[in-house]
Structure formats: structure tokens, C-alpha cells
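Thanks for opening this one with me. Here are some notes to read alongside the model, written for a first visit.

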Amino acid sequence: MTAASDSRIAARIRVRAGAVVAAAIMLIAAAGAARAATITIINQDSTGVGLNDPTPVAPVGGNPGTTLGAQRFNAMQYAANAWGALLHSVVQIRIDASFANLACNSSSAVIGQTGPNSVHRDFAGAPVGSTWYPAALANALAGTDLNPSTDDMDATFNAAIGTTCSFPSTFYYGYDGNPPSGRIDIVSVAMHEFGHGLGFLTFVSSSGAKLSGLDDTFMRRLEDHRTLKLFPAMTDAERASASLASGNLHWVGPFALAMSGVFSAGVGPNGHIHMYAPSTYQSGSSVSHVDTTLTPNEVMEPSYTGPDHNLALTLEFMEDIGWQAQSASAPTTTPTRTPTRTATPTRTATRTPTPTATATPRPSATTTRTSTPQAATATPVGLTATATPAPTTTVTATVPPTATPLVASATASATPQPGPTGTPTSLPTPVCGAAPAAGCRTPAVAHRGLLTMFETTPAAGNKFGWSWRRGAVTTKADFGDPLTTDSYELCVYDATPSLVMHATAPAGVSCPTGSSGDQRATRPCWRETAHGFSYVDKAREPVWLQKVILERGLAPGTARIVVKGKGTALGAPSLPLAQPLTVQLKNSGGVCWEATYDAPATKNSAGPPGRFTDTAD
């Protein structure tokens with residue numbers, strides 16, 4: 001079977017010259033930590049150029065290289081190690097990397113472009129049949145290299161930036177995510193690009209056509225919220241329409257949805273995450289990025305907004321498409337080769353923020369030979385940058401259009417409505433205490449417990465989110481019986497330690513069915529699930545939480561807890577907070593779960609709006 005010529009994505013990240021904002025970003029997984037996946041940069045440059053450029057430079061930001069080529073290579077490998085620390089694969093992931101003169105002028109430049117070299121389907125270990133998986137993911141699922149003659153992805157970065165091109169920004173090669181003003185943090189760029197190579201992209205064309213008429217693993221999580229249809233159930237025309245439906249193209253994968261509460265904007269009903277779908281299709285940007293409205297900014301947005309090494313949400317997307325996080329066990333299936341397709345790197349183009357994207361050239365895809373050789377064309381997924389002329393160095397140019405938090409819906413529940421309610425006036429919950437309790441269960445895997453706080457004026461827009469992921473062994477019985485007897489209390493302590501916030505989810509209470517606080521119709525707040533319990537209180541009664549998810553884990557690294565709160569009654573603390581922070585969730589049966597957050601946080605700033613974001617130790 002021969003594949004049709006498909007136009008695959010060319011994702012672009014943009015950054016305005018003179019407005020590259022330096023920010024201290026905490027790397028989720030430190031390089032050098034034990035990694036479940038080995039990701040190796042393969043130097044494709046010739047002697048004396050690119051990754052082999054002998055130009056002397058001083059070490060910078062933790063990068064020990066003393067030549068330009070060495071620093072470039074080190075930065076690439078550092079970004080690869082960050083991904084390797086999070087993903088599970090018994091097969092080495094190989095990235096062909098090089099520097100070359102890509103498109104570049106005084107106002108716009110392609111920073112880099114990356115994509116998988118092959119896609120595979122129907123191999124042993126494939127979660128879904130007749131579905132395309134990019135090479136690195138397919139190999140990880142199969143437990144063997146399905147195409148050993150070809151490396152997994154190809155990454156090219158622009159050697160003209162800072163050298164022969166008049167583009168005013170240059171690259172910063174440090175590891176610390178703290179570039180000087182006007183410098184582009186290449187570690188952030190590489191993390192974004194490698195994300196595409198690992199599978200953060202769809203092979204659906206701008207016309208809505210599937211690659212060879214088959215689904216890909218990414219598109220299976222895309223929904224048009226206007227019709228509530230997922231991409232696989234749509235016609236080509238419907239997919240093309242959904243790709244232009246700004247605000248209505250949603251990601252509905254369960255792992256990412258569990259993390260969506262950390263964002264104050266860019267999230268729709270039920271935690272659906274908005275994907276980038278401008279009304280004019282942007283080749284290489286549309287669909288295969290999260291939307292620019294996501295607040296705070298995320299690594300996989302189509303515009304470069306500054307240094308960002310936080311892969312927390314991106315990892316959840318990866319789990320949604322089939323990746324196993326580092327604590328998961330290896331696949332037990334017997335690896336066998338089956339029909340595979342090689343794709344010429346789907347290259348992500350990253351550009352500076354300009355309202356209209358410039359399409360980057362797309363390499364065509366090759367064929368990974370299995371039992372049925374196939375060929376396809378791929379759109380380059382590349383990073384581009386757009387410069388702003390020097391005189392127009394306005395502060396507003398550095399602020400993404402989605403920086404204003406959306407809090408209108410939070411005010412609705414501030415006014416209680418009359419009517420009967422089954423909720424008690426007293427709160428039969430455990431007491432937090434003046435200091436953290438001892439003996440609480442902790443995450444089995446570092447950097448998987450995300451804590452976020454958003455503090456606004458007025459306080460109706462306050463938000464809180466805690467995700468305790470990959471936790472210690474917890475049985476369903478450990479959760480007790482919140483339907484009748486076991487209440488829960490969330491406790492947040494600062495460095496002194498002092499209790500700076502607490503909120504409750506009482507046992508056996510009823511909650512109004514409407515989000516406006518209309519209490520004429522009620523239902524139990526708690527319900528039992530197959531693996532635990534969940535709590536939902538749309539009215540968010542005083543000092544009560546909005547949502548709690550308790551999921552058992554019978555092996556280390558599999559338990560999960562999610563806690564969300566919102567509104568004036570949340571009692572959010574004033575930011576910034578003194579670290580380390582300790583967050584504990586206690587039940588009245590004496591069991592508790594905790595995570596700690598040492599400095600520096602990814603974000604810990606005063607408002608309005610005040611923000612706190614950090615991953616657990």
C-alpha cells in the first residue's frame with residue numbers, strides 16, 4: 001500500500017526581539033538523575049561547524065563547554081536528558097542533531113525544526129490497531145527498535161542566528177533557564193522540539209485527511225467541542241473545520257485533564273485544554289500545539305514566550321498518547337515488526353510572536369521497511385522567531401495575549417442561594433495542627449506532585465491545585481469511607497512552619513447540582529469509583545474544596561490524588577510564600593499524604609495576580 005502525500009504540521013514558536021524575558025524556571029528532572037529512557041544526541045555536523053564549531057567561549061549557566069560547538073551539543077543533550085528522566089523506554093532514543101543556516105532575516109528567523117523520522121502501526125505492543133505512532137514511542141511500546149537503520153528523529157537548529165544573520169536575538173546555551181535580555185534559551189527550544197519528535201503532533205493534513213487514511217495516536221485525543229466529536233469519528237471536512245475552531249478544539253486525554261486545574265485560562269468545560277486552532281490555518285502551528293490562551297504559559301505553545309523547562313503538563317500529554325512515565329513497568333509484549341512508515345522530520349518552526357505565521361518548508365517522509373513498506377510526506381515542525389524593530393521595545397510586546405486571568409465564572413458562587421441543603425453547618429474534619437504531621441505517605445517518584453496557587457483581587461478568582469502523582473502504595477481501604485464517615489482536610493504549611501491555608505471535604509454531605517450555588521436540587525458530594533473516591537462541590541461552600549480525586553495504587557508510583565479549590569471562600573494565602581512548603585491531605589481515619597516543595601519555585605510572585613507553581617521534591 002502506498003501512502004498519499006500528506007501535509008503534516010510545521011509547528012512554530014514565536015518570540016519578539018528585544019522582548020525575550022528571562023525567568024528562573026525549575027527543571028522538572030535534573031540531568032544526571034536515574035533515567036528510565038536513554039536519549040542520545042547524534043552529532044551530524046561536519047568538522048569545524050555547528051556542533052563542532054571551535055570558536056572559544058566561556059562556560060555559562062552551568063554549561064561547562066569552552067567552545068561554541070561543545071556548548072551547543074551540551075545544551076541539546078541536557079534537554080534530551082530532561083525528557084529521558086521522565087519517560088520509560090528500554091530502547092535507546094536517538095536524535096540526529098545539527099546546526100545549519102535556516103531562513104533568517106532582521107525580522108524573522110526559523111530557530112529550529114524537528115520531527116520523527118518514521119511512524120509505525122500494528123506492531124506487537126501497539127495499544128490501538130491501525131494507528132500511527134512516531135518511532136521513539138513505537139519502539140518504547142514494542143520493546144525493540146522497529147527501524148534500526150534509521151535514528152528516531154531529526155533536529156536542525158539555525159546556525160545563522162547570532163552569526164551571519166541580522167536577526168537581533170542570539171542563543172543562550174546555559175542550563176539554568178536564566179538568559180540575559182534579548183537571548184533565546186536554546187534548552188527551552190530543544191525541549192519543545194524534542195517534544196514534537198517524541199509524539200506531540202498529529203499527521204492530519206490541513207484538509208483534514210489522515211495519513212494513509214489511518215488515525216494517529218495524537219489525534220485520538222482531539223475533540224471539536226461544538227459537536228463533541230473526536231477526530232477519529234469525523235469526516236475530513238469536519239477535521240478541517242475543527243482545526244480552525246479557535247476555543248473549540250480541545251484536548252480530552254485523561255492524564256492532561258487531571259492537571260488542567262493549574263491553569264487560569266485556556267481551559268474549557270470539564271478541564272478540556274484548548275489547542276491552537278486559529279481561524280486561518282497555520283502550517284506547522286495549527287492543532288499540534290496548546291493554545292496561546294493557556295495561562296501560565298506552557299512549553300508546547302506555538303510562540304516562544306521565554307525560558308521554560310517545566311515539562312509537567314507536556315508529560316501528561318505524552319502519557320495520553322501512550323508513553324509510560326519513568327515509574328511504569330516495561331512492556332511485556334513480544335516485540336515483532338509490522339507495517340511501519342518513516343516520516344521525514346515533521347519539523348516544528350519556532351517564530352517570534354507575529355499574528356500571522358510564515359510557513360516553513362516541509363521535508364517529505366521516507367519509509368521504514370517492515371512487512372509493508374509505505375511512504376508519506378511530512379510537514380516540517382519548526383521553531384521560528386520574529387524580531388521587532390529596535391525602536392518598538394514596548395513592555396506590552398513581552399506579555400502574551402492570554403496573561404489576563406479569566407475569573408468571571410468564579411464570582412457566581414459568591415452569593416448563596418435560598419433553599420434546602422443537605423450540607424451540615426459544622427465541619428467534621430480532621431484538624432490540620434500547627435505543624436505538619438509525621439508519617440504521611442510521599443510520592444514514589446520525584447517531581448510529579450504539582451502545586452499551583454493563583455491569587456487575585458477580588459478574591460473570587462483565587463485558585464488552588466495540588467496533584468499528588470506517582471505516589472506511594474495506597475489501597476482503596478486506606479481512603480476510608482468518605483461517603484459516610486471519613487472527612488478530608490487539606491493543609492498547607494510554609495517554611496516556619498506555619499499553617500497558611502486549609503480547606504475541607506466533609507464526609508457524607510450533599511452538594512447542589514448547579515454551579516451557581518442553586519441548592520434546590522442536591523446530590524451526594526462524594527461518590528465511589530472503581531479505584532477510589534471523588535468529591536465535587538460546584539458551589540464551593542465556605543472553606544470547602546471544589547474537587548478531590550482519590551485513586552488507589554497497589555504498586556509504588558501508581559497512586560494518585562488531585563485536589564482543586566476556587567473562589568473567595570478558599571482562603572488562599574498571600575503570595576509569595578517562604579519555602580520549603582509542605583502540603584498534606586489528611587483524613588479523619590488518621591491516614592495522610594504529603595509532598596514538599598523546596599526553593600526555588602518555578603513561580604512564586606506577589607500579585608495581583610499572585611502566582612505559585614512548583615513541582616514536588
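1. The buried residues of helix H2 are Ala135, Ala136, Leu137, Ala138, Asn139, Ala140, Leu141 and Ala142. Here buried means under 20% relative accessible area, exposed means over 50%, and partly exposed is in between, using a 1.4 Å probe and protein chains only. Helices (H or I, at least four residues) and strands (E, at least two) are DSSP runs, numbered from the N terminus. Eight of the eight residues of H2 (residues 135-142) are buried, so this helix is largely enclosed by the rest of the structure.

2. A word on the source before going further. This is a predicted model, in which local features need pLDDT of at least 70 and side-chain atom pairs count only at pLDDT 80 or more, while totals for chains, interfaces and linings use all residues. Residues are numbered from 1 along each chain as its sequence is written, and side-chain values use heavy atoms, with hydrogens and water left out.

3. What do the buried residues of H2 pack against? Their partners are strand S2 (93-100), strand S3 (108-116), strand S4 (119-120), strand S5 (131-134), helix H3 (186-198) and helix H6 (312-321); contact means heavy atoms within 4.5 Å. After H2 comes glycine 143, with a positive phi near 80°.

4. Now to the nonpolar cores, each a set of buried Ala, Val, Leu, Ile, Met, Phe, Trp, Tyr and Cys residues joined through side-chain atoms within 4.5 Å. The largest has 80 residues, and Phe194 and Trp323 have the most contacts inside it. Helix H1 gives the largest share of this core, eight residues. Leaving aside neighbours within four places in sequence, phenylalanine 194 is in contact with Ile41, Met76, Ala79, Ala80, Trp83, Ile95, Met153, Ala155 and Phe157. Another core, of 36 residues, lies apart from the largest one; Trp468, Tyr488, Trp526 and Val563 are among its members.

5. The structure holds 12 aromatic pairs. Rings of Phe, Tyr and Trp (its six-membered ring) pair if their centres lie within 6.5 Å; planes under 30 degrees apart count as stacked, over 60 as edge-to-face and the rest as tilted. Tyrosine 78 and tyrosine 175 make a stacked pair, at 4.2 Å centre to centre with 0° between the planes. Tyrosine 78 lies in helix H1 (residues 68-84) and tyrosine 175 in the loop between strand S7 (170-172) and strand S8 (183-185), so the pair ties together parts that are 97 residues apart in sequence. Tyrosine 78 and tyrosine 175 are both buried.

6. Charges over rings deserve a glance. The charged end of arginine 72 sits over the ring of phenylalanine 99, 4.3 Å from its centre. Lysine 476 lies over the face of phenylalanine 533, at 5.7 Å from the ring centre. The criterion is NZ of Lys or CZ of Arg within 6 Å of the ring centre and within 35 degrees of the ring normal.

7. How many disulfides does the structure hold? There are three, each a pair of cysteine sulfur atoms within 2.5 Å. Cysteine 104 and cysteine 165 form one, with their sulfur atoms 1.8 Å apart. The torsion about their S-S bond is about -90°, so this disulfide is left-handed. Cysteine 104 counts as partly exposed at 25% relative accessibility, whereas cysteine 165 is buried at 13%.

8. Another disulfide joins cysteine 432 to cysteine 491 (S to S 2.0 Å). Cysteine 432 lies in the loop between strand S18 (382-386) and strand S19 (449-455) and cysteine 491 in strand S21, so the pair ties together parts that are 59 residues apart in sequence. Cysteine 440 is joined to cysteine 592 (S to S 1.9 Å). Cysteine 440 lies in the loop between S18 and S19 and cysteine 592 in strand S30, so this pair ties together parts that are 152 residues apart in sequence.
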